[in-house]
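Please keep the sequence and the structure in view while reading.

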Amino acid sequence: MSKQYNLVADQYDMSFQLSPYRLHIEAYSVFNLVGDVTDQQVLELATGTGYYARAMRRQGAARVVGVDIADQMIEIGKMAEQAEPLGIEYHIQDVTQFKPDTLFDLALAVYLLHYAPTKEALFAMCKAIANDIRSGGRFVTYQLNPNISREPDYYLKEPGLILKVTEPTPVDGEPMPFSAKIGDMVMPEITAYRWDKETVDAALQAAGFTDIHWVQPQLSPAGAEQYGAETFAGYLRQPHAVLIECVKQ
Ligand SMILES: C[S@@+](CC[C@H](N)C(=O)[O-])C[C@H]1O[C@@H](n2cnc3c(N)ncnc32)[C@H](O)[C@@H]1O
């Protein structure tokens with residue numbers, strides 16, 4: 001993974017304020033699946049600007065460590081830490097290189113696995129993640145939906161998430177350059193890789209994860225109230241990202 005996200009670090013953190021999608025579908029669904037983190041040791045991989053790290057610490061996690069390869073994303077997390085010290089520890093590192101000083105109860109990764117550019121890299125990433133988690137601990141992740149819509153402009157209608165996927169050829173491991181406009185923020189094109197469910201499941205199993213569940217994102221009741229459930233109905237029929245939960249053996 002290159003440091004593609006350094007280019008958008010400044011605006012990225014704002015995307016939660018700008019985007020009903022991020023707040024009312026992504027974050028709502030992630031927090032639902034993560035559940036109660038009180039007193040847990042939590043690792044956030046691909047933490048970016050630390051949005052989820054801060055939220056989990058505020059929700060009572062005993063310790064939160066954030067890891068990301070993009071120094072400028074982490075820089076924003078550190079600035080937030082200065083403004084509101086929560087004791088979050090940040091590391092600028094590729095997740096496959098990260099060496100934990102303890103084993104975590106929970107690892108969360110929102111938008112990570114689809115940046116593994118090869119099958120070997122995907123397997124190595126899952127193995128490295130498993131090595132960070134105690135036996136019986138959980139890994140929760142949110143990643144590109146292998147069944148992402150191939151319809152041109154399918155996501156262009158969604159408020160707060162305008163995503164244009166290019167070169168749609170459904171092959172396992174295909175590079176998927178995409179551009180997104182979140183609120184007023186236009187992200188430069190970024191390349192992700194589309195991995196089939198079977199491939200992701202195989203990588204997680206080989207890494208020592210069991211009880212693997214794929215979960216569809218949902219709209220928060222507050223989002224439905226504010227924007228109307230029908231606003232997101234098309235998106236939710238074929239969301240561009242899905243959740244996975246699994247347990248370290
Ligand atoms: C879409 S951003 C998501 C950030 C954060 N999880 C969020 O949801 O706000 C994806 C992040 O993954 C990071 N990333 C991608 N591959 C990585 C890797 N191998 N190791 C560490 N970070 C990685 C990028 O630098 C970027 O900050």
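## The central strands

Strand β1, covering residues 41-45, pairs with β4 in the parallel sense over four bridges, where two strands count as paired if DSSP finds at least two bridges between them. The names follow DSSP runs numbered from the N terminus, with helices being H or I runs of at least four residues and strands being E runs of at least two. Within this pairing, Val-42 stands opposite Leu-106 in β4. The model is a predicted one, in which local features need pLDDT of at least 70 and side-chain atom pairs count only at pLDDT 80 or more, while totals for chains, interfaces and linings use all residues. Residues are numbered from 1 along each chain as its sequence is written.

Strand β4 (residues 104-110) also pairs in the parallel sense with β5 (residues 133-144), here over six bridges, and Phe-104 stands opposite Ile-133 in β5. Between these two strands the chain passes through helix α6 (residues 119-131), and this β-α-β crossover is right-handed, a term used when, with the strands pointing away from the viewer, the path from the first strand over the helix to the second runs clockwise.

## The whole sheet

Strand β5 is in turn joined by seven bridges to β11 (residues 241-248), and these two strands run antiparallel; in β11, Cys-246 is the bridge partner of Phe-139. Strands of a sheet pair through backbone hydrogen bonds, either parallel or antiparallel.

Taken together, seven strands form an open sheet with mixed pairing, in the order β3-β2-β1-β4-β5-β11-β10. Its edge strands are β3 (89-92) and β10 (209-215), each of which pairs on one side only. Neighbouring strands of this sheet are turned against each other by 15° on average, direction ignored, with axes taken as lines fitted to C-alpha atoms (for helices over the stretch in contact) and angles running from 0 to 180 degrees between N-to-C directions.

Helix α4 (residues 51-58) lies across β1, β2 (63-68) and β4, and runs at about 175° to β2. Six of its eight residues are buried, so α4 is largely enclosed by the rest of the structure; a residue is called buried if 20 or more other C-beta atoms lie within 10 Å of its own, exposed if 12 or fewer do, and partly exposed in between, with C-beta atoms placed from the backbone.

The buried residues of α4 are Tyr-51, Tyr-52, Ala-53, Arg-54, Met-56 and Arg-57. What covers them includes α2 (15-18), α3 (20-34), β1, β2, α5 (71-83) and β4. Just after the helix, Gly-60 takes a positive phi of about 110°.

## The nonpolar core

The largest nonpolar core has 71 residues, of which Val-42, Leu-45, Ala-107, Leu-108 and Ile-129 touch the most other members; such a core is a set of buried Ala, Val, Leu, Ile, Met, Phe, Trp, Tyr and Cys residues joined through C-beta atoms within 7 Å. Strand β4 gives the largest share of this core, six residues.

Leaving aside residues up to four places away in sequence, Leu-108 touches Val-34, Val-42, Glu-44, Tyr-52 and Val-140, a contact being two residues whose C-beta atoms, placed from the backbone, lie within 7 Å.

## Loops and backbone angles

Most residues other than glycine have a negative phi, and most peptide bonds are trans. Asp-39, in the loop between α3 and β1, has a positive phi near 65°, and Asp-39 counts as exposed because it has 10 C-beta neighbours inside 10 Å. Ala-46, in the loop between β1 and α4, also has a positive phi, near 55°, but Ala-46 is buried, with 23 other C-beta atoms within 10 Å.

Thr-102 belongs to the loop between β3 and β4, and with 11 C-beta neighbours inside 10 Å it counts as exposed.

## The chain as a whole

The protein chain has nine helices and eleven strands, and 42% of its 249 residues count as buried. Along its principal axes the C-alpha trace spans about 45 × 40 × 35 Å. A compact globule of 249 residues would have a radius of gyration near 18 Å, and the 17 Å of the protein chain agrees with this; the radius is taken over C-alpha atoms, and the globule rule is 2.2 Å times the number of residues to the power 0.38.
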